[in-house]
2 protein chains.
Amino acid sequence: MIYLDHAAATPLDPQVEESMRPFMAERFYNPSSLYTPARAIRTDIDNFRSKVGSLVGAKPSEIVFTAGASESISLAIGGVVRKHPEAEVLISAVEHSAVIESARGYASEVSIVPVDSRGTVRVEDIRDSITDNTCLISVGYVNSELGTVQPLRDISACVEEVREDRSKRGVDMPLLLHTDASAAAEYLNIDCHLLGVDLLTLNGAKIYGPKQSGVLFVSHGVELEPLIYGGGQERGLRSGSESPAAIVGFAKALEIAQTGYKQESKRQAPLQKLLTERLGTIEGAVINSTSKNRTPGIVNVSFPHVDGETLVHHLDANGVLAATGAACNASDDKPNHVLEAIGADKSTIQGSLRLSMGRQTSRDDIEQAVDIITNVVSKLRHR
Amino acid sequence: MIYLDHAAATPLDPQVEESMRPFMAERFYNPSSLYTPARAIRTDIDNFRSKVGSLVGAKPSEIVFTAGASESISLAIGGVVRKHPEAEVLISAVEHSAVIESARGYASEVSIVPVDSRGTVRVEDIRDSITDNTCLISVGYVNSELGTVQPLRDISACVEEVREDRSKRGVDMPLLLHTDASAAAEYLNIDCHLLGVDLLTLNGAKIYGPKQSGVLFVSHGVELEPLIYGGGQERGLRSGSESPAAIVGFAKALEIAQTGYKQESKRQAPLQKLLTERLGTIEGAVINSTSKNRTPGIVNVSFPHVDGETLVHHLDANGVLAATGAACNASDDKPNHVLEAIGADKSTIQGSLRLSMGRQTSRDDIEQAVDIITNVVSKLRHR
């Protein structure tokens, strides 16, 4: 089986699983309890928080452990908007559904900033869309469909300018920048202060860590209203007894990802090149992932007039596991908004395939996968 | 070490751990993906949902998997209130902090219904507190400090009467009943329809299941606004890629708890009696858990003029792990609102100790623990 859907899920790293094991059965105590073995777990959580903080250039107190990226994103957007219920949220046209739906769910007004044909947001377009009523901008660092890397530092510089201007003009509304960096942590440096973001989401499940583990970086001074209330864990921003296993697993996964991302990017880049080139030679193929500034994990290709879902099923039957980019979510039928946003036509969207590589993907996998895809596409075309 | 803090955390049941193992590393696929091994996980999740449904007398589509009880509670309260932002929420005076803080965080008006000296809410008091603007009542089934079981069926009958009356009078506001049954699932039948509740919270971490696993039962027809948005998982009420390990672990834990609760209750009842009697003979001891209708796991006792936190630390040093009931949460200094609500004075609250038994607790543990407590209290009194 050749697994080419790492953007959907990554296997648990054996080192991560190993790190979680003591917290599964043996060290089960509630970290808020007062006795020695519970306080030892509290100390460990503090240490994992420091470790995560140091990996993303943040103070430990800026790290909020959550139960996954959708929760982090909802907390970032809902948390800001619930403090400013009448304010506006600005998002790009290629955001993950968690960003789109959180913005729609919490904000009374949402503006969508378009992208170019490579999926890149232009800073000028963001600047033009900001009003004095905008409280939050949310732009994903790396697009999970195309791999496009957004010019986040330029965006944060723009945000800083607007803040200074607001301050001069006595406009009270804060302007905050959130980024969903779920698809970035495996390939890029994610130093929050270098990026200049106020809020940053990470997802354990996308970096060979435990599922439903995540982090929201919350820069000092940023005020959020929590979504989940209770015992006041995570500085009151995410109540509920912690899962130390999820926390240690996340920290270990992030450490491995951030220690190895340069080498792994270098290793995957020629595979991406090979995959893109070979897929490009299939008759009628359209490569959708064309940004020069993209991560090496993803190739998004379309075979117009082939049904993406049928293609995925036939690839499955032939031992290649991949995703169609046809639907917005695997479970619904809305056409993919990311491909729509880069201007793909209906038949290109319908016939799209997203291949995402991972740490185990070899050159041999890629060559075999291309042969299988070539055959399957040819068969489906001639049916 | 004698662990008497099962109300704070329970160890993972070996059968639960075993059930989770295949979903940790090997079966890591995203259940929303389209290929065979992913769809097999989707089928498994459907089956676990059916199993949980059948254990609580609900349809599978009424079960929402969450990342823990605080999230379930916040979703129940926030989910209803966000649909009716001007409406009022009614809670008892002995609710868990997740209920109190969610109500405060989401509702513009919160009414607190008092309890009697045994911690029981009187149905008449609830009826008297309901106004035409009340949209939600939240009363925990079993109090986690005292073990007091609330008359939930009487409360739901009262709610039903009010609904009928509202309907006759053309009052549009819905009236819903939520219960946090986290402390109940180990000791009582939790059939949602027999209890007559619209919303019910369960906590995997309190029934020897995985931490940050939980369920919210949402009766058909109840409309909630989600807190966590995204890919539309859990019928759109809790987005985010599922953790199949947490789901199977929760289902297995609930199955074990609900299969064994009668026998385990019968086993623990004489231990509770022994513990209560022997603690009662310590000079000055005040038993706080006095309800006739209580679960057999908990004994709450106070030693006035002894500091509860100091007591816990000395017990820890002598091999007994227990909780003080002095503070509302282990991590803050607010006096325990549950003991306040039953009319305990300051020094009784300050010197309180909550002992909570579990499946491994033996008669020998209880006898040893009582001896140690007797000695430690005596030493602390004579310092």
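**Reading the sheet, the copies and the domains**

Modeller: In this predicted model, strand 5 (residues 134–138) of chain A and strand 6 (residues 176–180) of chain A run parallel and are joined by three bridges.

Colleague: Which residue is the bridge partner of A:Ile137 in strand 6 of chain A?

Modeller: Strands of a sheet pair through backbone hydrogen bonds, either parallel or antiparallel. For A:Ile137, the partner is A:Leu177.

Colleague: What is the strand order of the open sheet in chain A?

Modeller: The order is 2-8-7-6-5-3-4, seven strands with mixed pairing. Strand 2 (63–66) and strand 4 (109–113) of chain A are the edge strands, each pairing on one side only. On average, neighbouring strands are turned by 20° against each other, direction ignored.

Colleague: Which strands does helix 4 (residues 97–106) of chain A lie across?

Modeller: Helix 4 of chain A lies across strand 3 (88–92), strand 4, strand 5 and strand 6 of chain A, at about 165° to strand 3.

Colleague: What rotation superposes chain B on chain A?

Modeller: Two copies of a chain are related by a rotation about an axis and a shift along it. Here the rotation is 180° and the shift 0.0 Å, with an RMSD of 0.0 Å. That is the relation of a two-fold axis. The same surface serves both copies, as 100% of the contact residues of chain B recur in chain A.

Colleague: How is chain A divided into domains?

Modeller: Domain 1 of chain A covers 2–8 + 262–381, and domain 2 covers 14–256. Their contact takes 23 residues from domain 1 of chain A and 21 residues from domain 2 of chain A. Helix 10 of chain A gives the most to the domain 1 side, with three residues.

How values were computed. Residues numbered from 1 in each chain as written. Chains lettered and ligands numbered in written order. Predicted model: local features only at pLDDT ≥ 70, side-chain atom pairs only at ≥ 80, totals over all residues. Pairing = 2+ DSSP bridges. Helix = DSSP H or I, 4+ residues; strand = E, 2+ residues; numbered from the N terminus. Axes fitted to C-alpha atoms, helices over the stretch in contact; angles between N-to-C directions. Contact = placed C-beta atoms within 7 Å. Least-squares fit on C-alpha atoms with pLDDT ≥ 70 in both. Domains from an automatic or database assignment.
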